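Here's a quick briefing to read with the model open in your viewer.

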Amino acid sequence: MGGFGIGRLLEQMFLPPGGPILLGIAGAIIEVWHRPAGTTLVATSLVLLYAASVPGAARVLMRSLQIHGPLDVERTVKSGAGAIVVLSADRRSHAPEYGGQTVSAQTLERLRYAARVHRMSGLPILASGGGLGGEGPAEAAMARDLLHGEFGVGTVWLESESRNTRENAWFSSRILTGKAIRHVILVTHAYHMPRAMRAFERCGIQVSAAPTGFRQDAADWRWPLSWLPSPRAARWVSAALHEIVGARWYAVSEKLLNRRGGN
């Protein structure tokens, strides 16, 4: 299992819902030998599962990540941006209505906005996203075909080697540098933007944020339904925690690399 697969496995084991469920199972087993400790773990797992599935928690976490507002296209173009970079966000592997595979709903949301920014700015688009485990064409290639066929975008550059956000930035920066572009408009979801921007800036690319897919539809704390678990809230809590943990991991790994370089 490669590093990417191990990362996915650890994420499923420790982040909700997997982490709290495994904690509850461990508590149920421990109860056989030590009832108080086991009961505490089971109760903790239930509290964590509840907290990770209420709209109020989703709202707070999303607001903490969505720190960049909508793009001012005209001003950004005047500031010297040379291209639009749009990041893929997974694929639909089973899409028989499209003849096999297609982009995910999240990727489609990003591509739609990238096409809009392209029409407003006239800047070229670089689609970034590789393929995982031989699942078929790279996500960037599927994005290019959709931009061509459904949004009428002409030339689309491809970065088709990356498997995660850090690699999106690394491989895209090599293409951009080769084209003498050091300032880009970056299109991704609003909650993903802080981590993505940091990754690109670490590669020496100046970034103007073009966030899309703002998630502010969770109920207010004062509304009773904000305290009731919902599948939508659980999905956005999981996405937010993925970003928070990912950002912390990037920061830690950068420090470790800097220390090694210093030695």
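What follows goes from the whole chain down to single residues.

This is a predicted model, where local features need pLDDT of at least 70, side-chain atom pairs count only at pLDDT 80 or more, and totals for chains, interfaces and linings use all residues. Residues are numbered from 1 along each chain as its sequence is written, and side-chain values use heavy atoms, with hydrogens and water left out.

**Whole chain**

- The chain's secondary structure comes to 10 helices and seven strands; these are DSSP runs numbered from the N terminus, with helices being H or I of at least four residues and strands E of at least two.
- Along its principal axes, the C-alpha trace spans about 65 × 55 × 40 Å.
- Of the chain's 263 residues, 43% count as buried (buried is under 20% relative accessible area, exposed is over 50%, partly exposed is in between, with a 1.4 Å probe and protein chains only).
- Looking at contacts with a separation of 6 or more, 70% of them join residues 24 or more positions apart (contact means heavy atoms within 4.5 Å).

**Nonpolar cores**

- The largest nonpolar core has 24 residues, and Ile84, Ile125 and Ile185 have the most contacts inside it (a core is a set of buried Ala, Val, Leu, Ile, Met, Phe, Trp, Tyr and Cys residues joined through side-chain atoms within 4.5 Å).
- Two or more residues of this core come from each of β1 (83-87), α6 (105-121), β4 (125-128), α7 (139-151) and β6.
- Setting aside residues up to four places away in sequence, the residues that isoleucine 84 touches include Ala114, Val117, Leu126 and Val187.
- There's also a second, separate core of 18 residues, with Ala169, Leu176, Val184 and Ala196 among them.

**Rings and charges**

- You'll find one aromatic pair in the structure (rings of Phe, Tyr and Trp, the last by its six-membered ring, pair if their centres lie within 6.5 Å; planes under 30 degrees apart count as stacked, over 60 as edge-to-face and the rest as tilted).
- Tyrosine 191 and tryptophan 236 have ring centres 5.8 Å apart and planes at 65°, so the pair is edge-to-face.
- Tyrosine 191 lies in the loop between β6 (183-189) and α9 (193-202), while tryptophan 236 is in helix α10, so the pair ties together parts 45 residues apart in sequence.
- Tyrosine 191 is buried at a relative accessible area of 6%, and tryptophan 236 is buried too, at 11%.
- Arginine 166 puts its charged end over the ring of tyrosine 250, 4.3 Å from the centre (that takes NZ of Lys or CZ of Arg within 6 Å of the ring centre and within 35 degrees of the ring normal).
- Over the face of tryptophan 157 lies lysine 179, at 4.4 Å from the ring centre.

**Helix spots to check**

- Helix α4 (residues 55-65) has eight of its 11 residues buried, so it's largely enclosed by the rest of the structure; Arg59, Leu61 and Met62 are among the buried ones.
- Glutamate 167 sits in helix α8 (residues 165-178) and is buried, with a relative accessible area of 16%.
- Leaving out neighbours within four places in sequence, glutamate 167 is in contact with Glu161, Ser162 and Ser172.
- Serine 238 belongs to helix α10 (residues 231-262) and is partly exposed at 24% relative accessible area.
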